[in-house]
Every structure is written in structure tokens, then in C-alpha cells.
Amino acid sequence: MKIIVVGTGFVGLCHAAVCSEYGHEVYAYDIDAVRINAYQTGNASEIERFINEPGLASVIAENLNRYLFFTTTVSDIIEGTDAIFLCLPTPPKPDGSSDLSFYFTAVEYLAELLAKRVDQRRVVIINKSTVPIGTARALENVLLKHNVPNVGIASNPEFLPEGDAVEKSRRPDRVVVGADTEADFRIIRRIYSQFVNHVRIRYIETTPETAEAIKYVANTLLLTYVSFWNGVGARLGETFPNIRIEDLKRGVTADARISTWGSYVGIGAGGSCFGKDVQSLIYQLQSRDQDAQILQAVYDINEYQKVYLLDRAEREAGFSFANKTIAVLGLAFKQRTNDMRDSSALKVVEGLLGRGVKAIRAYDPMSMHEATKFFDPNKNPLFSKISYEPSVKSALQGTDALVIATDWEEFRGLSRTIEQHTAHPYLIIDGRRMVPDYGELVSQGYRYLAVGSPLLGQVP
Ligand SMILES: NC(=O)c1ccc[n+]([C@@H]2O[C@H](COP(=O)([O-])OP(=O)(O)OC[C@H]3O[C@@H](n4cnc5c(N)ncnc54)[C@H](O)[C@@H]3O)[C@@H](O)[C@H]2O)c1
């Protein structure tokens, strides 16, 4: 099949790369020439400056200029195309609704090109972006407005988790395809032929609107699990003495009806999707006079969770951040990715700067380059207080407290390093419950404050 993928961010680049592995002829198109030039080198370090996903650079290198082509112009490749995947950004507006301007700018442009095709074989425009329910129908209206012949629309939402995107693109839990006609379902079945009759992958064909709704319900349900554990499980562990949060989780999730996913407690879930999708669904419901209380609570709990440990440090540990030097371990929104969009660490850093810290010594195994874009001193001079350190040890030097903000495996069991590179009095703020042997540190005089437990150690 001849496929064009429009937008080569996380979703588009992974999708294009994995589709090319199956022998489709894939053209990955983006308006960002810097990005396209970097991908076009096939060089891992160049590609990973934009998207750092395990295994992705090698899939690109293997298929580059054989099955996978990068381009900044689409007009000369549109003839003979079977499918166009839209992988465009849909960020939130201040009122929570989805900003569809990138999406429809691209759609208008493509519709004009498609209307002028000489070869009028059927082409299906397949949406992969997360878009409000009814967007596929609006896409159809744009195509009708431009009199595009022999065209169909479909919704094929993306569920890939960052950090595991390549593997999950190869073996997704499900493939959801919403379309209107058998002709369009048939084209998409040919693209996804490896999944259609797979024994473990659910291949679901439905209406475009149902497909759009599946994406929102799935993402907001996942965030509901996270917020439930943070808003109820963690709160219990922080309030009542002698509750072991790990045992609580194991006891509760022993019931097969209860998900183990999301049962971790921590400083909230970040990333480009959860916050924006829940806000968008709240907006979609409320703007139609429907109640969205449960979603609002889920969102509010998650946002509060990102900063509440700093409040607890002041309240419970009597710690004043003013003029202190703080180590921040982890900047990415989760392990195995360099993505910092909506990362809890952003809120932690802002919260620390807002409390007047003298300096922040930051370390993250993958996101240091990314961080310099988020913390640009030209935009906010306070960001010049952040130094980027090459290791945990270096980040800890001369600090008064540390915050663990990302669940990188290398932060698990840091107690020895903490002992060797810090001096008392010292406060450990563990946003991810990464230090299982905190008891030993506490017995040596450290104070330990974690999500899901009361403060441990003496308040001076
Ligand atoms: N990131 C994820 O983990 C994830 C997972 C599932 C779904 N989604 C959804 O997928 C969509 C894309 O997300 P993303 O994270 O890949 O976004 P992204 O911001 O990483 O990438 C979007 C790309 O689109 C390009 N672009 C913008 N306007 C364009 C145009 N007119 N023509 C061509 N290219 C254009 C940008 O240059 C950028 O490279 C969003 O709706 C998102 O909610 C994301």
C-alpha cells in the first residue's frame, strides 16, 4: 500500500516506521524541515534529538529509502496514494477544548491536492490524532467542500505508550477502526493485515464516532485509576499510622476485577495526553450541558498531586525552601522517554523556584537537552538557577534536599549514593516511592517524605 503519514512527532514517526517494516511504501511528511532533515540522516543521535524511543532509530535506519521516505512536500507524492494518516497535534486551549487549527490547516491543504488528482483510485483519510467526537465528520465536510472524488474518512485512534512505542505499535492490545463504508474498511484491513486475525490483538471495526469515543474513555479511565490511588490510597497511607502502601496495593489488586495498572502512587501522571484528553472530554460534555464531575475530580486530583509534596515538606517537615539548593532527579514525564510535556517535574521545578530556592541541580538520563527548551532563561530569568548535572552523584553535591520526580530505574535503591554525597540535615522528597530501604536512611538521621506515607524521621 502507498501510505502518507502527515505529522512526524511521536505518533507519526512511530507509525510510519512500523508500517514501513511491513513492506508498505510509507512517505512521512512534516512541515518542520529541521526535523525531517534529521530523520533523513538515519543517524540515531540525530533522530533522538527529536524522538527518543527504544528501538525506533534502528527501525528507521533499516527501512530508510527502501520502504520509508521523509519529505516536506506532499504534492508530488499524492498520486496513487491508498491512505493518508493524520498524526497532527491537538493541544488544549485555555478553556480545555482541543485546538484543531493544526489539524484543519493540514486537512484543507490535503483536500486541495486530492481534488486535483489525476489517478482517482479510492483514498481513505485516517485520523490518528486524539480529536473531539465528531471531528471525522467535520473532516468529511472539508473533503466534500473541495469536491474530492472517491475519498473516505476513518478514525483509527492511537494508544501507544511512550517509552514502549515501537513494541506496542508492533503488538498493540487492540486496533480500533471507525469508518463508514466497506471499501474503506477493506483498505485499512490491507494496511493492518498482520493484526486483522491475530489471536491476541482485538481488531475492532465500528463507526468513526465510536472510535473517537473509545480513545477518550480509555485515556480518562486510565487517569481515573491513577487519581483514585493518589486521591484515596495514598491519602490513607499519609493519614493513618502504620499503613504499608505496597501491601495495600497488593491486597486490593488481588481481585481479578481490579486493575493493577495505575495502582502505583506518585506525584501525578504527566505526558502530552492524559491532562489534555480529560480536559477536552470535560469540555465536550459540559458544552452540551452534560455533567462532568467525575472527570473534573480526576483532573483536579492529578494536578494537585504534582505539587503537594512541596506543601507537605513545608507543613509536615517544617522545611523552608528559601535559599536552599535542591537536587531534582528526573525531568521526563515517565521513565524510558525524553518527553517532558506536562511532566510533573515541570510543576516541581516551578514550585521550587516560586518558593525562592537558591539553586536547582537537575539530572535526567534522557531529557537534559529537552529540558533546556522548557527552562529557557530568556523566557524566565529564574530558570538560570537550574544547572544540568551529568549524574545523580553530581546532582546531589551541596544540596539541602532532593526530589525524585521520575520513576527511572536508576533511581531505585539510591540510599548508598545519598549517604555518600549529602550531609545532614537532609530531606528526601520521594515522588515515586523509589527508595525501598528508606528505613535505614531514617535511622541515620535523614528525613524521608514520600507519596503514600507520613513524614519519617525527626523534625529538627
Ligand atoms: N504522544 C503520545 O504518546 C500520543 C499517544 C496517542 C495519541 N496521541 C495523539 O496524537 C496526536 C499527535 O501527537 P504527537 O505527540 O505525535 O504530536 P507531536 O507534537 O509530537 O507531533 C506533531 C507533528 O505534526 C507536525 N505538524 C504540525 N502541523 C503540520 C502540518 N500542517 N502538516 C504536517 N505536519 C504538521 C509538527 O511539526 C510535529 O512534527 C495528538 O492528537 C495526540 O493527542 C499522542
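**View 1. Who lines the second largest pocket.** The lining here splits into 7 nonpolar, 3 polar and 4 charged residues. For that tally, Ala, Val, Leu, Ile, Met, Phe, Trp, Tyr, Cys and Pro go in as nonpolar, Asp, Glu, Lys and Arg as charged, and the others, Gly among them, as polar. Keep in mind that this is a predicted model: local features need pLDDT of at least 70, side-chain atom pairs need pLDDT 80 or more, and totals for chains, interfaces and linings take in all residues. Numbering starts from 1 along each chain as its sequence is written, and side-chain values use heavy atoms, with hydrogens and water left out.

**View 2. Into the centre of the second largest pocket.** The volume comes to about 210 Å³, counted as the space filled by probe spheres set on grid points joined across faces, edges and corners. Of the 14 lining residues, Asn-242, Ile-243, Arg-244, Tyr-438 and Ser-453 sit closest to the pocket centre. A pocket is an open set of points on a 1 Å grid over the protein atoms alone, where a 1.4 Å probe fits, with protein on both sides within 12 Å along at least five of seven lines; lining residues have an atom within 4 Å of a point.

View 3. Helices are DSSP runs (H or I, at least four residues) and strands are E runs of at least two, numbered from the N terminus. The protein chain has 18 helices and 14 strands.
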